[in-house]
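Please consider the structure shown below. The paragraphs that follow lead through it step by step.

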Amino acid sequence: MSELYPAEVLINSATGAVSPATGRYAKHLSELGGIFSNADAWSRTIREENDPLIYEVLEYKQEGSDLFFGTTTMQPGKIGDEFYMTRGHFHEDRTKGEVYNTLSGQGLLLLEDRQGRSSTIEMREGSSAFIPPDWAHRSINCGPAPLVFTWFCSVAAGHDYGQILQQGMRKLVIERNGEIEVVANPKFD
Ligand code: F6R
Ligand code: ZN
């Protein structure tokens, strides 16, 4: 095993910049096919807004460490009446949970277990969310500004995207008459 060493990592609350970062990826709208209910609005937005950036993930991980952490920075916007959101996933290792801490912006963390129980936790500056093992989680930017949060996780957790990608989540977060609403996903009726 390589040797681990103490490190200071700077995180910018407004931009989500991580310094130093050891990994990064970005998700543009065209890479998020099938997660938004309104497929016409999805393809129209890709065309008309030139495939906008939806979110970016930066991480800090030391080779051989059991823990890693990073930021997710989500842009504001909607596809039809649904707010921009992450893909959502279970962890591959069903015994591994995670912690999110919101640095700026406002959103909702949507959680769901394998028995179909749902939960939402508000994401706002200073709030931390405990994600228990084997609860799927998806973050949703419901505000007018970027939503920036840090996450802390076990390296062994892994990601399992399959089920959420195929079935969606039981709840949708939409804007209706200017209000944020959590509604049942009609796909599950
Ligand atoms: C890691 C984790 C976050 C998300 C990130 C993007 O376990 O929960 O780092 O991976 O917010 O969301 P997904 O991976 O669902 O596209
Ligand atoms: Zn996760």
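A polar side-chain atom of His91 is placed 3.1 Å from an oxygen atom of ligand 1. The model is a predicted one, and the distances and angles given here are computed from it. His137 also approaches this ligand, with an N or O atom of its side chain 3.3 Å from an oxygen atom of ligand 1. For Arg87, the corresponding distance between a side-chain N or O atom and an oxygen atom of ligand 1 is 2.8 Å.

Attention may now turn to the metal. Which residues coordinate the zinc ion (ligand 2)? His89, His91 and His137 each contribute their NE2 atom, and Glu98 contributes OE, at 2.1 to 2.3 Å. Along the chain, these donors are spaced as H-x1-H-x6-E-x38-H. The zinc ion (ligand 2) has six donor atoms, with angles of 73 to 174 degrees among them, and its site is octahedral. Six donors are classed in this way if opposite donors are over 155 degrees apart and all others lie between 65 and 115 degrees. Among the coordinating residues, His91 and Glu98 are both buried.

Four aromatic pairs are counted in the model. In one of them, the ring centres of Tyr60 and Phe69 are 5.6 Å apart and the planes meet at 45 degrees, so this pair is tilted. Phe69 also pairs with Phe152; here the centres are 5.7 Å apart with 25 degrees between the planes, and the pair is stacked. Because Phe69 belongs to strand 5 (residues 67-74) and Phe152 to strand 13 (residues 147-154), this pair ties together parts that are 83 residues apart in sequence. Through such ring pairs, Tyr60, Phe69 and Phe152 are linked into a cluster.

Phe152, at 37%, counts as partly exposed. Elsewhere, Lys61 lies over the face of Phe68, 5.1 Å from the centre of the ring.

Methods:
Residues are numbered from 1 along each chain as its sequence is written. Chains are lettered from A and ligands numbered from 1 in the order in which they are written. This is a predicted model: local features need pLDDT of at least 70, side-chain atom pairs count only at pLDDT 80 or more; totals for chains, interfaces and linings use all residues. Side-chain values use heavy atoms; hydrogens and water are left out. Donors are N, O and S atoms within 2.8 Å of the metal (3.2 Å for Na, K and Ca); water is not among the atoms, so sites may look incomplete. Four donors count as tetrahedral if all angles lie between 85 and 135 degrees; four count as square planar and six as octahedral if opposite donors are over 155 degrees apart and all others between 65 and 115; anything else is irregular. Buried means under 20% relative accessible area, exposed over 50%, partly exposed in between (1.4 Å probe, protein chains only). Rings of Phe, Tyr and Trp (its six-membered ring) pair if their centres lie within 6.5 Å; planes under 30 degrees apart count as stacked, over 60 as edge-to-face and the rest as tilted. Helices (H or I, at least four residues) and strands (E, at least two) are DSSP runs, numbered from the N terminus. A charge sits over a ring if NZ of Lys or CZ of Arg is within 6 Å of the ring centre and within 35 degrees of the ring normal. A polar contact is a pair of N or O atoms within 3.5 Å; within protein, one must be able to donate a hydrogen and the other to accept it, and residues adjacent in sequence count only if both atoms are side-chain atoms.
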